[in-house]
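Open the model in your viewer and follow along.

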Amino acid sequence: MPTIEVKKDLLFKALGREYSFEEFDELGFEFGLEAEEPEEEEILQNPDLANVWKIEIPANRYDLLCIEGMSRALLVFLEKKQCPRYKTVKPQKFQQMKILQATKQVRPFGVAAVLRNIKFTPDSYKSFIELQDKLHHNLCRRRTLVAIGTHDLDTIQGPFIYDAKAPKDIKFKPLSQAKEFTAPEMMEMYSVSHCKFMQMIQVINL
């Protein structure tokens, strides 16, 4: 089953109260979650882990892969919050996304939605990106079935074109980057970053 890490202070804020590990472990058991505290040795190596719990969630509950979804589900379970009801709203202006013929050979279907009045904090933005990444690795089967993209509508305007191009012809500005990359350049950048990350882990393990 998937396991996520949550910051205790953010979890307590979302739930409206603080919990001891024993209290939360009991709540999690009743709901269907399994919590784990970091070992003392782990905390000595990384003091930030003192504020982190690892929580194992059911494989079919993708809504629990982020702290926002988990806290909402627990509050509903505790009868402190109503189960949310979502509805579509007719916009003043419709957005259009066109899937080109070349793209249909790779991604024959596409779905787009506009979410309005969204305000991110650094923590909620990080949680949002991590949720998208977890969905890619699990439900989306490492993007072989589905690929999710999120864009700031304040910085772009339609109509939107979903196209498929040769890697060298693709130009893309990744999140947290200041310039555009071609697809090969982007893959090389992430490959180097991944190698450095793995080397860092090896050093820590030594």
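**The whole chain**

The protein has 7 helices and 7 strands. Helices here are DSSP runs of H or I with at least four residues, strands are runs of E with at least two, and numbering starts at the N terminus. This is a predicted model: local features need pLDDT of at least 70, side-chain atom pairs count only at pLDDT 80 or more, and totals for chains, interfaces and linings use all residues. Residues are numbered from 1 along each chain as its sequence is written, and side-chain values use heavy atoms, without hydrogens and water.

Trace the chain along its sequence. The pattern reads β-α-α-β-α-β-α-β-α-α-β-β-β-α. Zoom out: the C-alpha atoms fill a box of roughly 55 × 50 × 30 Å along the principal axes. Of the 206 residues, 22% are buried (under 20% relative accessible area, 1.4 Å probe, protein chains only).

**Select residues 1-80**

UniProt, in an unreviewed entry, lists this span as "domain: Phenylalanine--tRNA ligase beta subunit B1". Such annotations may be inferred rather than shown by experiment.

**Select H1 and H4**

Pick residues 8-15 for H1 and residues 67-77 for H4. At what angle do H1 and H4 pack? The angle is about 40°, and the axes are 9 Å apart. Axes are lines fitted to C-alpha atoms over the stretch in contact, and angles run from 0 to 180 degrees between N-to-C directions.

Now show side chains. Leu10, Leu11, Ala14 and Leu15 in H1 meet Ile67, Ser71, Leu74 and Leu75 in H4 (contact means heavy atoms within 4.5 Å).

How values were computed
Buried means under 20% relative accessible area, exposed over 50%, partly exposed in between (1.4 Å probe, protein chains only).
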